[in-house]
Structures are given as structure tokens and as C-alpha cells.
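Subject: Structure handover

Hello,

Here is the structure I promised to pass on. Please open it first, then read the notes below.

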Amino acid sequence: MEEKMRVPIIQVEGQTVETAGHTSRGNQLKWFQDGWWYKADAFGYEGLAETMVTRLLRETLWTGYVCYEPVTMMWKGRPYRGCRSRNFLQEGEELLPLEKLYRSVTGFSLAEELAHIREVDRRIEHTVAFVENLTGLSDFGPYLSGMLEMDMFFLNEDRHTNNIALIYRQEDKSYRLCPYFDMGLSLYADTREAYPLDMEVETCRQRVKAKPFSQDFDEQMDAAGRLYGWSLHFSMDRNELWHMLEDMQTAYEPAPETPWYSEQEWKRIRAAVMDQALSYPCLFET
């Protein structure tokens, strides 16, 4: 059984924060407070999706990802459900999205440049070559391949070129890899517009589109994997996964009279994860 965790209620103060990596579907209420980033759900169950991704990545050997946890935010007297994560930037560092970096160096949009390259593997190589030649980082290729593996399994449809980033330190003009972040629009979380809760998972799967190198998750992942290798694997079998998903729903204790995720939302996200597990059995123990 998952250990019980009470969902905290946090009073967020001041104005919301605009970030370069906001969703391509529009702005989301975000706050930075006391070393935490807070994000309110805007389209559906984004906070639950972020929490689910974090929980499942704990079952891998990966460590370089942002950990999200559910939270209720109180802002201007109104409660919002969503999630929070600790700030991963050190003093003197800034988050530098690839789109911004590419524009500052070339004067052009990376997203538009990629659209002019026909082959998916060439788009990926173009991006990796730009980053590694500019920054001196030698492992951006495997890093990007891992990101696309994660996006493929969790069906993250919001990996635009502002949602791939590096960490930059102005003092010594150095770069380092950024933890994997921003998985809110995964697992059909947008129930407001794209994937209503009464839509079958099969239909959702037919509609979801990848970014930024191809609209097909498998196509861009296969291309990246051939170039830089594969690394995603869960240390559980699918039966253990099913029990973990069931336990997870009862692991959280929301405060009374605060918004929380419905049975229908939990059912949808469990179905989405299990559907992906059936589609990619090689990612699990036998």
C-alpha cells in the first residue's frame, strides 16, 4: 500500500508568474513562493498527471527529473487544485529554453527551422548539434532521447521548443542539463478541450499528437533511440503496476471541502497508463 499523504493547503500570495515554458494551449496560473513552484490545473487533471509521472519514474533508475506532488492552493479566497515542485535552480542560474537560446544565437525560430527539415532524425541531429557545439555539453543527445522516451510513454503532447531547456550560469557562462520537467499535459489530462472524460482511451490515443520533431511519438522516439540509445525501463511488471495505480488513489488525503480529483478522473488516468503499459511491454519486467 502507498503511504498516506495529506494534501497540503497553501496560501499563495502576490501575482501569478509568467514563464517561457508555459503550455502551448495558453497560460496557466503559476506562483513561485518559498522555494516552491505552484501550478493550478487549467485544462483538467494536470496536477494529477504530474504526480502520476513522478510516482512512476520512481520505479526507474532515472534521477534527473522534477518531482511533483499534489497541493491545494488558496489564492484570492478561492481554492485551486494542482501541484508543486521545488525550485531546482541554484543561485545565479537561469532556465534557458532552447527556443530562446536558438533565437538569440541565430535570429531564427528553432520550431520554424525544424519544420523546414524533412527527416525526423535530421531534425533531432540538428538540435543536438546546435546545443553541443554552443554549450560544450557532450551528453545532450542521450538526454534528449530519454526525454522523448518519457514523452512517448506518458503521451506528453506539450513538448514544444520552450519546454526543452538548459540551465545557464551567467557568472562563468556555463551550461548544464535541466531536470526533465512539465508533464502536465500528459495522459490525456486536457479534459476541458481535447479529451472529455466520456471519451474512450482508444479515441484519445488516436487524437494525441507529439512534439516537436514529429507528430508521431513512436517515430520521433525511434529516431532518437537509433541515434543516442534507449534508457527507460520500469522495475515492476504490469500486474504490480496495476496494484500501484489502485493504491495511489487512496494514498492521498485531501482536506475536507477542497477540490480533488474525481473517481472518473482517476479511472481515466489509470486506464491511460495501463493502455501504454500494454502497448510497450518491453519497458516492464516480465
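**A buried pair**

Arg-81 is buried, with a relative accessible area of 16%. Asp-41 is buried too, and its relative accessible area is 16%. Keep in mind that this is a predicted model. The two side chains form a salt bridge, with the closest N and O atoms 3.1 Å apart. The pair links distant parts of the chain. Asp-41 sits in the loop between β4 (36-40) and α1, while Arg-81 belongs to strand β6 (residues 78-86). They are 40 residues apart.

**Other salt bridges**

How many salt bridges are there by the rule used here? The count comes to 17. As background, side chains of opposite charge can pair when their charged atoms come close.

Look next at Glu-253 and Arg-6. Their salt bridge has its closest N and O atoms 3.9 Å apart. Glu-253 lies in strand β10 (residues 252-253) and Arg-6 in strand β1 (residues 5-6), so the pair ties together parts that are 247 residues apart in sequence. Glu-253 is partly exposed, at 30% relative accessible area. Arg-6 is exposed, at 58%.

Arg-122 and Glu-125 meet in a salt bridge, 2.3 Å from N to O. Both lie in helix α4 (residues 120-135). They are three residues apart, about one turn of the helix. Arg-122 is partly exposed, with a relative accessible area of 36%. Glu-125 is partly exposed as well, with 28%.

**Helix α1**

Is α1 mostly covered or mostly open? It is mostly covered, with 12 of its 12 residues buried. Among them are Glu-46, Leu-48, Met-52, Arg-55 and Leu-57. The length of α1 (residues 46-57) can be checked. At 1.5 Å a residue, its 12 residues should span 16 Å. The end C-alpha atoms are 17 Å apart, which agrees.

**The α6 to α7 region**

Which peptide bond is cis? The bond from Lys-211 to Pro-212 is, with omega near -5°. Lys-211 is in the loop between α6 (201-207) and α7. Pro-212 is found in that loop too. Lys-211 has 28% relative accessibility, so it counts as partly exposed. For a sense of scale, compare Lys-211 with Gly-82. They are 129 residues apart along the chain, and their C-alpha atoms are separated by 24 Å.

There is also a negative surface patch. Asp-216, Asp-218, Glu-219 and Asp-222 form it. Asp-222 is in helix α7 (residues 217-228). At 37% relative accessibility, Asp-222 counts as partly exposed.

**Two positive phi values**

Lys-173 has phi near 55°, a positive value in a residue other than glycine. It is in the loop between β8 (165-169) and β9 (174-177). Tyr-188 is not a glycine either, yet its phi is positive, at about 60°. Tyr-188 is placed in the loop between β9 and α6.

Which of these residues is buried, and which is exposed? Lys-173 is exposed, with a relative accessible area of 54%. Tyr-188 is buried, with a relative accessible area of 2%.

Best wishes

Technical notes:
Residues are numbered from 1 along each chain as its sequence is written. This is a predicted model: local features need pLDDT of at least 70, side-chain atom pairs count only at pLDDT 80 or more; totals for chains, interfaces and linings use all residues. Side-chain values use heavy atoms; hydrogens and water are left out. Helices (H or I, at least four residues) and strands (E, at least two) are DSSP runs, numbered from the N terminus. The expected span of a helix is 1.5 Å times one less than its number of residues. Buried means under 20% relative accessible area, exposed over 50%, partly exposed in between (1.4 Å probe, protein chains only). Patches are made of residues with over 30% relative accessible area and no salt bridge: like charges are joined within 9 Å, nonpolar side chains (Val, Leu, Ile, Met, Phe, Trp, Tyr) within 5 Å. Accessible areas come from the Shrake-Rupley method with a 1.4 Å probe; for residues, only the protein chains shown count as cover. A salt bridge is a side-chain nitrogen of Lys or Arg within 4 Å of a carboxyl oxygen of Asp or Glu. Lys and Arg count as positive and Asp and Glu as negative; His and the chain ends are not counted. The place of a charge is taken as NZ of Lys, CZ of Arg, CG of Asp or CD of Glu.
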